[in-house]
Amino acid sequence: MAVSQMVGAKIHRREDPRLITGHGRYTDDLTRPGLVHMAVVRSPHAHAQIRSLGVEAAKKAPGVLAVYTAADFKDVIGGPATFPVAPVFAPIKLANPPRYPIAKEEVCYQGEPVAVVIAESRAQAADGADLVDVDYETLPAVMEIEAALKAGSPKAHLDQKDNIAWDVTYVPWEATDEAFKGADVVVKERILQQRLSPNPMESRVVMAEFDAYDKRMTMWLSTQNPHWIRLFVAGALGMGEHSLRVISHDVGGGFGSKISPYPEDYLVPASAKLLGRAVKYTETRTEAMQNAYAGRGQIFDVEVAAKKDGTLLGMRCTQMLDAGAYIGTFGAFQTCACLMAGGAYHWQAISSRSVAVLTNKITTDPYRGAGRPEATHVAERMMDLLAVELDMDPVELRRKNFIKKEEFPFTQNFGLTIDSGDYEKAMDKALKIVGYDDLRRKQAEGRKHGKLLGIGLSTWIELCGLGPGAATGPATGGVVLSESAQVKIHPAGGVSIYVGTHNHGQGNDTTHAQIAADALGLPMEQIDIRHGDTNEGPGFGYGTYGSRSLAVGGIAILRSCNKVIDKGKKIAAHLLEAAEEDVVFDQGKFHVKGAPEKSKALGEIAFAAYGQLPEGMEQGLEAVAYFEPPNFVWPFGTHICVVEVDSETGAVDIQKYVAVDDCGNVINPMIVAGQLHGGIAQGIAQALFEEMVYDDETGRLRSATFLEYAMLTANEMPAIQLDSTVTPSPTNDLGVKGIGEAGTIASTAAVINAICDALSPLGIKHVDMPATADRLWKQIQNARPASSNGKEARK
Amino acid sequence: MIPAAFEYARASSVEEAVKLLTKYGEDAKVLAGGHSLIPLMRLRLSQPSALVDINGVKGLDQIKESGGKLHIGALARHVTIHDSKVVKDKLPLLAEVASEVGDNQVRNMGTIGGVIAHADAAGDYPTIALMLDADIVTNKRTIPAKDFFQDIFTTPLAADEVVTEIVFPVADGPHKYIKFRRRLFDWAIVGAAAQKMNGGWRIGLTNVGPTPVRAKAVEDALHKGAKPEEAAQHASDGLNPSGDLRASPEYKKHLARVLTKRAIEQAG
């Protein structure tokens, strides 16, 4: 067994010097001979019929080479299955309108493509797009979830009989009858999850070039998921996967919005084929805000039943989800909120149901956390509401109901087996760091002077590392979310590792190299990690989302390295004239057991591997491994947020933020910290600032620039105190769990619980997100008349 | 995010700028710092036929005290105004306001003349100019601030008129500007400025209507001896702000009162 050196080391991300000095290779940095540019003409309306499309003026504009509409693409881009919709956890789709990359007669969301203009320069394409004359007849739009559910409401698509995208009951309401009958208290709340714009730093870019003689297409694009894009686009373009190469080198963030295919992913290669020129489309920021697949957009109606002593009994949870104009390829993954709503606690029974509706807005799809931030928000808000109702400390209520350390692996109410955990340990550590008892004293003292100080906990858990075949095979419609890696040791000892995951900010080039360095006993500098080119590496890669690059992809790397070492042992046995079972591998060298002085380095073995070998042994030193995890991994932790609310203005000041997280064994603590910082930032942003707002009448996005869409900046970030506990996962060889989404999953509830706690002397129990100053001020105004006897009124 | 095509010309003097503006006509725009104009052009909300760039006009960024007044050249950048010793000595409120405009990038490029000429009621300088009775000087005339901010984005400036300097009174007494916003670099949801001057108070409000507002009712109440809290109740008198994604009209009026009170109390 090699002495571990790199795993666990706090080292800088080796990809950063290149990326932060402007030497990244993002798709927009790339060019091709004779490259031309595409601009997309988009519907300004949420719902309309196209009466006529005038393209003649645009065609004559300077530099314009072509203007294509749906009619031009019909022979190039195949049928209605172009945008696949995975079953995920909502297998039955009721209204599931077929989606084509460009509108034919009806537009169903603002931004839906109606024509593309291709010109010699990007500016000429933009000017040409302005000249396309589209005559629309506007149609009634359906913009809100509750409106969409009403029988007489407008339909998001004219030919739908209603707007119900799915309606799935996971556990029926009768199953919780007994739990609710035995309850001393029942608390109910409606919990909103506003729509969010994912806003990766790099907007989407697609470039394609078609070789008419070889019939080969090459696509460069900004995606989290090159192999899936190849699968979808090759199918739509009627090409074999062997003829389509998808390259996705550096990608400036995705947050889930770059998992599923987009219209331009089809329109750009199709145009390259039609025109016989390499074509590039660079999304503008305005387009990105309008048309990137949005996050959240849900309403939860939740009821919780408990005994007087705080023992949890039952939960009933209905998720209503705004699917947008078309169901997202992986949109139904968000229903996992229903399966995770019970959080870290024991429940006698939980019932849950997910109803999704079509609206005339851009599709919703997984956004950092996807379903699990919503579940955490439900579980953690309900715990605090119950604590208020029972007049119990929220810490004690949690402690009483936690799944205990000795109960793992623990099968929860929906049959998911939580692999490991020690929830109390993480909570106690966080309480100590934040100085909980002192804070409560300070809070009580401050309240005497009208100071609104609040303390909020979020004792979060997460399911990630997608995922086990039994769950993900049916969920994707057949593809099991395993992961692949290929290791090639070249004759002189250099190592190339091709991974099926994708690095768009996670630091995988570093952590994956750390794992391989230890497995092969080689310095990291000798190991190149390559991702994002479907012509390299194994036959399929599954991409990066759901915090899986390490817990699934990392294990595939480890296993492919081990396969290579196994072969190396055979060769070493031959060179050392020993039996294979007597050869050991340690610190990059093979030697005979008990005789380390006579050894062969991996580099020597590599050279020998390409030379003359004993009969029956093949040349080469390379291996492919696929890893299908037996379960998800289950990180957890406790976040505590301390806020002060300005009673005059409603402004929230985050005074402290403590996060104690447990992601099992840690490969690189610096990268874990970075992932948590970013995730917490996005969660705080949702809690306080961000919201996609549409105009009620026109259906147009009002929050369409960063002026209006208040993405949080470094200025608004509190200092975060991070700490950890380590509970290794039994699910994989490294004992690791994902951490990419944890910050987002945990933080909204911590912030909102803190605000609710701060406002509790006024009798305010719940606030919606984003908790803007205006919103809180209004709630404070409304609460004030009753504030003198607020406590009484609640009981 | 790609502007429509436009002509571009760089002027080296105010006279040349005026000549160019005359040549290009009504649809031409003056380019100073560009931090309001360029974003509008990139969204194609503004499609000027030509830009007349005045960044090469020498001396237009001068800051000096003369005749008991503080003269700020139209091209003075926010960062320069903030760092200026003369401004800090003679009108420290203006230095404070300059440090609150946008972020570093904006403060390094944006100019006071640009902000004044753009006449956005959410801009910070117009409030100060109005409440202190500043003069806006152009190549043609001197316009008192109270006649300058006519409506949202609307001023008496003619197509061939260029703002050359803003002339403020000297005031080094207690002062405060409170800019309430979601994020540090945002525009004000509401801003309130207080300046003690000539034995009385001047009170100004940002972003509570189509133009900046001078809260005379508050000034009068203070003059009559009202406490800051009482006087500030008048800050929303006659206001009819429009709502936006950042705040409702009622909340803006409430902020006008709260921030006015705080600005007076915190003025130092």
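What covers the buried residues of helix 21 of chain A? The first view answers this. The model is predicted: local features need pLDDT of at least 70, side-chain atom pairs count only at pLDDT 80 or more, and totals for chains, interfaces and linings use all residues. Residues are numbered from 1 along each chain as its sequence is written, while chains are lettered from A and ligands numbered from 1 in the order in which they are written.

**View 1. Helix 21 of chain A and its cover.** The cover includes strand 26 (636-645) and helix 20 (742-759) of chain A, together with helix 12 (249-266) of chain B. Helices (H or I, at least four residues) and strands (E, at least two) are DSSP runs, numbered from the N terminus. The buried residues in helix 21 of chain A are A:Ala773, A:Asp774, A:Leu776, A:Trp777, A:Gln779 and A:Ile780. A residue is buried if 20 or more other C-beta atoms lie within 10 Å of its own, exposed if 12 or fewer, and partly exposed in between; C-beta atoms are placed from the backbone.

**View 2. The contact of chains A and B.** Chain A brings 20 residues and chain B brings 17 residues. Two residues are in contact if their C-beta atoms, placed from the backbone, lie within 7 Å. On the side of chain A that touches chain B, helix 4 (122-131), helix 9 (285-291) and helix 21 (773-783) each supply at least two residues. Helix 4 of chain A gives the most, with four residues. By type, this side of chain A has six nonpolar, six polar and eight charged residues. Ala, Val, Leu, Ile, Met, Phe, Trp, Tyr, Cys and Pro count as nonpolar, Asp, Glu, Lys and Arg as charged, and the others, Gly among them, as polar.

**View 3. A five-strand sheet in chain A.** The sheet is open, has mixed pairing and runs in the order 7-15-14-13-8. Two strands pair if DSSP finds at least two bridges between them. Strand 7 (164-171) and strand 8 (185-196) of chain A are the edges; each has a single partner strand, so one side of each is left without a neighbour in the sheet. From one strand to the next, the twist averages 10 degrees. Axes here are lines fitted to C-alpha atoms, for helices over the stretch in contact, and angles run from 0 to 180 degrees between N-to-C directions. Strand 8 of chain A pairs with strand 13 (residues 295-306) of chain A in the antiparallel sense, over 11 bridges. Within this pair, A:Ile191 has A:Phe300 as its bridge partner.

**View 4. A three-strand sheet in chain A.** This open sheet has the order 4-2-6, with antiparallel pairing. Strand 4 (106-107) and strand 6 (133-138) of chain A are its edge strands, each pairing on one side only. Strand 2 (residues 48-54) and strand 6 of chain A run antiparallel and are joined by six bridges. A:Asp133 in strand 6 is the bridge partner of A:Gly54.

View 5. Strand 23 (residues 589-592) and strand 24 (residues 595-601) of chain A pair in the antiparallel sense over four bridges. A:Phe590 stands opposite A:Lys600. Two residues lie between the strands of the hairpin, where A:Gly594 takes a positive phi near 85 degrees. The loop between strand 22 (583-586) and strand 23 of chain A holds A:Gln587. A:Gln587 is not a glycine, yet its phi is positive, near 55 degrees. With 15 C-beta neighbours inside 10 Å, A:Gln587 counts as partly exposed.

**View 6. Backbone exceptions in chain A.** Most residues other than glycine have a negative phi, and most peptide bonds are trans. A:Ala370 has a positive phi, near 35 degrees. A:Ala370 sits in the loop between strand 15 (349-358) and helix 11 (372-390) of chain A. A:Ala370 is buried, with 28 other C-beta atoms within 10 Å. The bond joining A:Phe408 and A:Pro409 is cis, with omega about -5 degrees. A:Pro409 lies in the loop between helix 12 (394-401) and strand 16 (410-411) of chain A.

**View 7. Confidence along chain A.** The mean pLDDT is 96, and 98% of the residues of chain A reach 70 or more. pLDDT is the predictor's confidence in each residue, from 0 to 100. Over residues 786-795 of chain A, pLDDT is below 50. Where pLDDT is low, the predicted coordinates should not be read in detail.
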